[in-house]
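Please have the model open as you read.

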Amino acid sequence: MKIKRLLIILFFSGLIIYLVPFALFSDDLGKANKYYEKYDYKYAIEIYERVMEKNPTLEVAEKLANCYRFTNNSIMAEKAYATVLTFPGFNPINYIYYADALKENEKFEQAKRNYLIYAERVPAQSDEAVKLANSCDAARIWLDNPNTDIEVTNEAGFNTKNSDFSPIPYGKGFIFVSDREFLKPITEKKSPKIYGWTGNPYLKLYQAEPADSGVFNGNMKLTLMPEQINDNYHAGPATLSADGNTLFFTKAGVTTVDEKPSKTKDVVFKKAIFYATKQNGVWSQAQSFAYNKPFDYSVQHPALSPDGNTLYFASDMPGTLGGMDLFYCEKQGSGWSKPKNCGPAINTRYDEVFPTVRKDGKLFFSSRGHITIGGLDIFSANGAKDNWSEPENLRAPINSAKDDFGIYYFDDNLTGFFSSNRPGGKGMDDIYQFNERPKQKFFAVNGQVVQKEDGAPLEGIRVFLVNKSTGEEKSLLSDEEGNFRFDLAPETDYLVRGDLDKYFNRQQGEITTKGATSSTVYNVKFEVEKGEEAYLVRLNNIYYDFDKYNIRKDAEPELQKVLNFMKNTPNVNIELRSHTDARGKAAYNMALSKKRALSAENYLLKRGADKERLSANGYGETQLLNQCKDGVKCTEAEHQLNRRTEFKVVKVEPVISYVPGYSLNPIFPLISGTQQ
């Protein structure tokens, strides 16, 4: 009996010993999942790593990888997503996350392969995935060819081992955001609260002033903004009114006491915008922006227009195109109009965040959805509210393969600050200063006179340059290669024409240097035509950005010249012939070229061209101008030559000026501008 009782005791003791590790393991996983659900990724990572060592599963692998992605640790995210892809049954979206991490780590070829694998696995998203794959080529080119006129330096006086970002001028110094360990007065015994997402203190707004001599040289007197602005949770980034007396800033917390029940211990609040005003040097208690709903969506990253009448911000509120979008409100008396989306030119299905508006009204923001080098890139756009030009990537060295955001320009529009978590900094996010050297602008017109039928150069043809403001006229003869050149003055309108006594009576084109922001060489080509039924006019600067079909600003003057040519020459019909470079799939390029042709056609139709005299066709990569076919390594400039639109005159009855004693041939001008 005693033996039997002993055996029973030993059996249950062993069972308890056997089950205890599993009970602890289960508790650990449950705790990690709670951290994950509350966005406390720093704490979740520590547990998920241990769980993966003991009992790896697909669910834990995905959550661990997501934690690294959410905390912007692309090195560990790459490794974690590589592990996810070894499990059977994983969601194909992990190919995208893996490729994103590879791209941020500058492994562009591997990233491209994984984007394309996703395209094969999820055909419904293949166009978007191919676009992402093609963006890897642009990313490599931009990173390998930085703008050498821009110097970027780490602003060491601002930065710590933690995150420091988004400075804006304030008084004699700056306001910026940081989650640094800041020394508290001796009377305060509490240590700063820790944010579970990063494991650092919560973000606060700091005021930095010159420590001596009234000159800001990196030696800072640093103070926390007052408690009316900084509370127990996040504060920042911020924007100031022009007079410096109204501060809008991002904040985490409840907007109203009665909005939700009082039990909010486990509620994760979204971000909201607050504002405070300064009177007699003292900031008021911060007030909630009218359109905050922190239990439902985030409203963050405020940016005021220069006149203070438009407030831009980022939000995932209803009405987004996907992720975070940029919205705007207009000032109405003492309040603001309902938010409106800034539109599809700015917003994508991914995140658009950190807007700022320069004093000249130009918008800057960060995006993951437009073509980027990697992570968040900074873009610029002209316009206002929901009417914007195509955003332009600021490229390297301002943008990197990591996150780049929070840009601010000083009054000269050449210098300022931006923020980045790129390698080589002092901490997680650092503040960088940029300085763009002003360029010496020059303008010229280069041209050539050739025979249309065989392209042979013509020597001794007189070409005229007329200053339209003063009437001053210059002329010269084409050399033995048919070439000619004139230097141009800035902010001047010109007329370039051939010898009207000998050739087609409308052989002229207009050139203007007004508004040109960089050195430009305008290319003019006169082609002597013998009267064939069809001939080709190629506008060399009707080019397109990589994977784009919108009409660029530098192409608009040339399209206007085509429109003028059609108006002045009513007896011609024109075919718009658009082309791509050879990168990407042939079918995709054919579709893209058709979009480019239609884009040029729509531009002309909106400005009065006769639809009956226009046709638009795409030729994809079938008519390359150089050797850059599939498998041939080419520079971006060589690929650019193939992304073009040509204008073919398909019906013409030449109008000839009759001058006794001369043999007459029609001549047609080709004018284009090339920025140097």
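Of the 676 residues in the protein chain, 48% are buried; keep in mind as you look around that this is a predicted model. The accessible surface of the chain comes to about 33,300 Å², and carbon and sulfur atoms account for 51% of it. In secondary structure, the chain has 10 helices and 38 strands. If you take the contacts between residues at least 6 apart in sequence, 59% of them join residues at least 24 apart.

The largest nonpolar core has 47 residues, and Y48, C67 and Y115 have the most contacts inside it. Which elements give two or more residues to this core? They are the helices α1 (2–37), α2 (41–54), α3 (58–70), α4 (74–84), α5 (93–104), α6 (108–121) and α7 (126–144). The most comes from α7, which gives nine residues.

Next, find strand β20, residues 377–381, where five of the five residues are buried. In a regular strand, side chains alternate between the two faces of the sheet. Here both faces are covered, with D377, F379 and A381 buried on one side and I378 and S380 buried on the other. What pairs with this strand? Strand β19 (residues 363–367) does, in the antiparallel sense and over five bridges, and strand β23 (residues 392–393) also pairs with β20 in the antiparallel sense, over two bridges.

Finally, let's visit some cysteines. How many disulfides does a search of the whole structure find? There is one, and it joins C628 to C634, with 2.1 Å from S to S. The link of C628 and C634 is left-handed, with -110° about the S-S bond, and both C628 and C634 are buried. C342, by contrast, is in no disulfide; the nearest cysteine sulfur, that of C329, is 9.6 Å away. Is C342 buried or exposed? C342 counts as buried because its relative accessible area is 1%, under the 20% cut-off. C136 is buried as well, because its relative accessibility is 0%.

Methods:
Residues numbered from 1 in each chain as written. Predicted model: local features only at pLDDT ≥ 70, side-chain atom pairs only at ≥ 80, totals over all residues. Heavy atoms only, no water. Core = buried A, V, L, I, M, F, W, Y, C linked by side-chain atoms within 4.5 Å. Buried < 20%, exposed > 50% of the residue type's maximum accessible area, 1.4 Å probe, protein only. Helix = DSSP H or I, 4+ residues; strand = E, 2+ residues; numbered from the N terminus. Pairing = 2+ DSSP bridges. Contact = heavy atoms within 4.5 Å. Areas by Shrake-Rupley, 256 points an atom, 1.4 Å probe, with all protein chains shown as cover. Disulfide = S-S within 2.5 Å.
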